[in-house]
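User: I'm new to this one and would like to go through its salt bridges. Can you show me the structure?

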Amino acid sequence: MATEIEQQAFIKQIAPAAVAGMKRTGVLASLAIAQAIKESGWGQSGLTKAANNLFGYKGTYNGASVSYPTKEWNGSQYVSVTAQFLKYPSWKESIDDYFALITGASRYSAV
C-alpha cells in the first residue's frame, strides 16, 4: 500500500493530464484520477511500472506492448493467461487514452 506521501505525489503527477482531458472533453478529472488510483494501485502495480499503463488496457500503443499475466473469465471460471497490454511512453498517454475511451465508446455515453 502506498504511503500518504506517495499517494499525494501520484495525484500531483497525474492531475495535469487529467485536468487537460477534462477541459478537452468535459469528463471530470476526478473520475480519471479515481480510476487510475484503483486500477494502478496508486501507480505501483507491476503493469503500471512496466508499461505506464494506468488502466489495464490491452493491445498495443503505436506498436508497443508488454506481455503480462492476468486472469480472464472464460464463461465459467477465471483462468490465468498472458496477454498483451498497451505500453505507453508516459502516464500522460495512458490518461489521454482513458478520455478517448470514455468519450468514444457508446457504453459510456451517460458519463
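User: Which residue forms a salt bridge with E72?
Analyst: A salt bridge here is a side-chain nitrogen of Lys or Arg within 4 Å of a carboxyl oxygen of Asp or Glu. This is a predicted model, where local features need pLDDT of at least 70, side-chain atom pairs count only at pLDDT 80 or more, and totals for chains, interfaces and linings use all residues. Residues are numbered from 1 along each chain as its sequence is written, and side-chain values use heavy atoms, leaving out hydrogens and water. With closest N and O atoms 2.0 Å apart, the partner of E72 is K58.

User: How many residues apart in sequence are the parts that E72 and K58 tie together?
Analyst: Helices (H or I, at least four residues) and strands (E, at least two) are DSSP runs, numbered from the N terminus. E72 sits in strand β1 (residues 65-73), while K58 is in the loop between α3 (46-51) and β1. The pair therefore ties together parts separated by 14 residues.

User: Is K58 buried or exposed, or in between?
Analyst: Buried means under 20% relative accessible area, exposed over 50%, and partly exposed in between (1.4 Å probe, protein chains only). K58 has 42% relative accessibility, so K58 counts as partly exposed.

User: Which residues are linked with D96 in a network of salt bridges?
Analyst: R24 pairs with D96, the closest N and O atoms being 3.5 Å apart. The network partners of D96 are R24 and K92.
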